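Work through the exercises below with the model in view. Try each task before reading its solution.

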Amino acid sequence: DGRVITWGKGPCGGDSSRVEAQLKNVRAIAASGSAFAAIKEDGSVITWGKADSGGDSTSRKHLTDVDQVCGTRNAFAALLADKSVVTWGHPESADVSLVQNELRNV
C-alpha cells in the first residue's frame, strides 16, 4: 500500500518520525550507509537519516520527476525523468562538478 516502516539505529535512518507523515504512496526505497531515500508515486523524493550520508536532501530543489535513486556509502544519485542526474550527500561523495555536463541524457 506504499507505506514505509523503519527500524534500527535511529540516527542512521531507523527513526523516520521526522518524515513519517510524508512516507505514503512510496514506490521505491534506496539506502546509503546511514540514510534512506524514498521515491513516491508522484516522483518526489523523501530522505531521512544522517545528513552527511544523504539523509537531508533539502538543498536539492530538483528532486521531482525522479525515476530512480541509487545509494552509495555516503551519497545518493537520482535519475530524473528528463534523463539528467542529481546527487546529494557527503560533499566528497556527492560532488559531480567535474562531470556534471556528462550527466545529461543518461
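Buried means under 20% relative accessible area, exposed over 50%, and partly exposed in between (1.4 Å probe, protein chains only). This is a predicted model: local features need pLDDT of at least 70, side-chain atom pairs count only at pLDDT 80 or more, and totals for chains, interfaces and linings use all residues. Residues are numbered from 1 along each chain as its sequence is written, and side-chain values use heavy atoms, with hydrogens and water left out.

**Exercise 1.** Find the aromatic pairs and classify each one.

Solution.
- Step 1: apply the rule. Rings of Phe, Tyr and Trp (its six-membered ring) pair if their centres lie within 6.5 Å; planes under 30 degrees apart are stacked, over 60 edge-to-face, the rest tilted.
- Step 2: count. The rule gives two aromatic pairs.
- Step 3: take Phe36 and Trp48. Their centres are 5.6 Å apart with 20° between the planes, a stacked pair. Phe36 sits in strand 2 and Trp48 in strand 3, twelve residues apart. Strands are DSSP runs (E, at least two residues), as are helices (H or I, at least four), numbered from the N terminus.
- Step 4: check the cover. Phe36 is partly exposed at 27%. Trp48 is buried at 2%.
- Step 5: take Phe76 and Trp88. Their ring centres are 5.4 Å apart and the planes meet at 25°, so this pair is stacked. Phe76 belongs to strand 5 (residues 75-80) and Trp88 to strand 6 (residues 85-89), so the pair ties together parts twelve residues apart in sequence.
- Step 6: check the cover again. Phe76 has 2% relative accessibility, so Phe76 is buried. Trp88 also has 2%, so Trp88 is buried.

**Exercise 2.** List the salt bridges and place their partners.

Solution.
- Step 1: recall the idea. Side chains of opposite charge can pair when their charged atoms come close.
- Step 2: apply the cut-off. A salt bridge needs a side-chain nitrogen of Lys or Arg within 4 Å of a carboxyl oxygen of Asp or Glu. The count is two.
- Step 3: look at Asp1 and Arg3. Their closest N and O atoms are 2.7 Å apart. Asp1 and Arg3 are both exposed.
- Step 4: look at Asp67 and Lys83. They meet at 3.9 Å, N to O. Asp67 is in strand 4 (residues 66-71) and Lys83 in the loop between strand 5 and strand 6, so the bridge ties together parts 16 residues apart in sequence.
- Step 5: read the accessibility. Asp67 is partly exposed at 36%. Lys83 is partly exposed at 35%.
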